[in-house]
Each structure stands twice: as C-alpha cells, then as structure tokens.
Amino acid sequence: ERLVKDWVSPVYTFFNPKPQIAVIDGRRAHEFKCIAKGCKASTRRFLDKKDARSTGNMRKHVKACWGEDALAAADDAKDANEACTKIVGGILRNGTITASFECKGKGKVTYSHHQHTCAETRAEIVKWVAESLHPFEVVQDKGFQALIKTGRPEYYLPSPSTVARDVRLVFTRTRERIARMTMEYAGKINFTTDGWTATNHRAFVAISVHLEHKGEPLSFPLDIVEVAKVWSCLPST
C-alpha cells in the first residue's frame with residue numbers, strides 16, 4: 001500500500017490495480033497484468049533495482065497493445081482517474097466492429113488499437129470470406145493461422161463449421177432487412193434481371209433491386225435462380 005500511493009502515472013490505468021507479487025531467483029517483483037480484452041501479458045518490475053518505480057516497460061507494452069494514440073490520450077488526461085474512466089474505460093466499452101475500423105470515403109482505412117473480441121473476430125471473418133470468396137476452411141490454413149497467431153498464440157479463431165453457421169445467419173438476417181426495407185420504401189423501386197449460361201451449360205437468371213437511400217444509390221441482388229429448362233427461339237432441326 002505504501003508503494004501504491006506513488007503510482008500516479010496514467011499508464012497504471014491500463015493494468016490491474018493490484019499487481020501480483022512474484023519471487024524469482026530470490027528477487028521480489030511486481031507483475032502488472034494488462035486489462036485489455038484478450039491480452040494475457042504481464043509486465044514485471046523488480047523491487048531491488050534503482051528504477052523500481054520506472055514505467056518504461058509498462059509504456060512499451062501499452063504502445064504495442066493499446067496503441068500510441070491511447071497512451072497519448074491518457075498522458076493528456078487531467079489525472080489518473082480521468083484516464084481510467086474516460087480513456088481506458090471508453091476503449092473497453094466501445095470495442096465493437098464498427099468502432100474497430102472504418103473507411104471514410106476514399107480515405108485511409110483506420111484500425112483499432114486493441115484486439116478483437118471473439119464475437120468481433122467471427123463477424124470480421126464472415127465479412128472476409130463473403131467478400132473475398134474464400135472457402136470456410138481457410139481458417140484452418142497453416143499460413144493464415146501463422147499470420148494471425150504469431151505474437152498472440154491465444155488469439156481465437158472459429159472452426160469452419162462455425163464460420164459456415166455464421167455466414168448462413170448473416171445471410172438470413174440481411175435478407176430479412178432488405179425485404180423490410182423494400183416493403184417500407186416510400187419512393188420508386190427499380191428491378192432488373194440478367195441471364196447467362198455458365199461454362200457447364202447451365203443457365204441462370206439474377207434479379208436485382210435498385211433504390212435511393214438517404215441520397216445514395218443502392219443496389220442489392222435479390223436472388224439467383226437456375227433456369228430449369230432453356231427455351232430457344234431457333235428452329236429445331
């Protein structure tokens with residue numbers, strides 16, 4: 001408790017306020033556990049050193065885990081209490097997919113300073129496999145897992161069956177949302193169709209809807225149907 005009174009630096013707000021006391025090779029040390037979601041790292045500080053109150057290693061971890069912007073915001077706070085409630089608390093509360101990254105027009109994509117939660121990871125993978133046409137089994141690819149888990153081996157990755165289930169769920173909810181939007185739309189709605197024959201000689205027809213929403217043109221594919229029987233205007237021989 002005597003030492004705690006001197007821990008007034010805002011960097012302490014990124015760690016558990018009650019450090020663990022460890023004895024390593026006869027030396028006592030404080031181990032500060034990071035409170036970021038998904039982070040299991042601890043910063044160790046030996047008590048028999050002249051710089052026993054140094055926060056250098058703690059700041060180094062915060063930059064890597066939370067980001068330089070988060071640390072700078074904490075440093076600019078009025079005191080440690082403000083840093084805890086407004087900076088650290090705000091990041092922990094707003095760790096959602098929409099807050100994690102956004103693209104403003106054609107500008108640079110910005111990313112979150114903290115790791116995704118399990119639910120956010122599943123949502124990101126659904127978006128990734130759907131937009132990039134990846135198979136669900138891509139999450140088991142050794143190269144992909146090496147990129148994701150290097151430096152954070154505990155990082156959660158869903159199984160292919162979980163990805164498949166999530167994709168179906170998102171598809172169902174998106175279809176319901178588009179149906180509700182078109183039924184409640186007060187303006188004019190345009191529908192288009194397009195037909196083609198695949199390389200395996202199977203014919204398909206796609207139906208799309210086009211409308212204006214808040215001044216922006218929107219287009220949605222409603223369905224793709226395989227034509228059971230193809231009629232030709234050419235005379236039979």
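This is a predicted model: local features need pLDDT of at least 70, side-chain atom pairs count only at pLDDT 80 or more; totals for chains, interfaces and linings use all residues.
Three strands make up an open sheet, arranged in the order 6-7-8 with antiparallel pairing. Strand 6 (190-197) and strand 8 (216-226) lie at the edges; each has a single partner strand, so one side of each has no neighbour in the sheet. From one strand to the next, the twist averages 20°.

Eight bridges join strand 6 to strand 7 (residues 203-213) in the antiparallel sense. Aspartate 194, for instance, has alanine 206 in strand 7 as its bridge partner.

## Serine 208

Serine 208 belongs to strand 7. Its relative accessibility is 19%, and serine 208 therefore counts as buried, since the cut-off for a buried residue is under 20%.

Which residues is serine 208 in contact with, leaving aside its neighbours within four places in sequence? They are Asn190, Phe191, Thr192, Phe220, Pro221 and Leu222.

In soluble globular proteins, nonpolar side chains tend to be buried together. In this model, the largest nonpolar core contains 16 residues, and those with the most contacts inside it are Val11, Phe14, Phe15, Cys34, Val62 and Trp66. At least two residues of this core come from each of helix 1 (56-65) and helix 2 (68-75). When residues up to four places away in sequence are not counted, cysteine 34 touches Phe14, Phe15, Cys39, Ala41, His61, Cys65 and Trp66.

There is also a second, separate core of nine residues, among them Ile125, Val138, Ile148 and Val163.

Methods
Residues are numbered from 1 along each chain as its sequence is written. Side-chain values use heavy atoms; hydrogens and water are left out. Two strands pair if DSSP finds at least two bridges between them. Helices (H or I, at least four residues) and strands (E, at least two) are DSSP runs, numbered from the N terminus. Axes are lines fitted to C-alpha atoms, for helices over the stretch in contact, and angles run from 0 to 180 degrees between N-to-C directions. Buried means under 20% relative accessible area, exposed over 50%, partly exposed in between (1.4 Å probe, protein chains only). Contact means heavy atoms within 4.5 Å. A nonpolar core is a set of buried Ala, Val, Leu, Ile, Met, Phe, Trp, Tyr and Cys residues joined through side-chain atoms within 4.5 Å.
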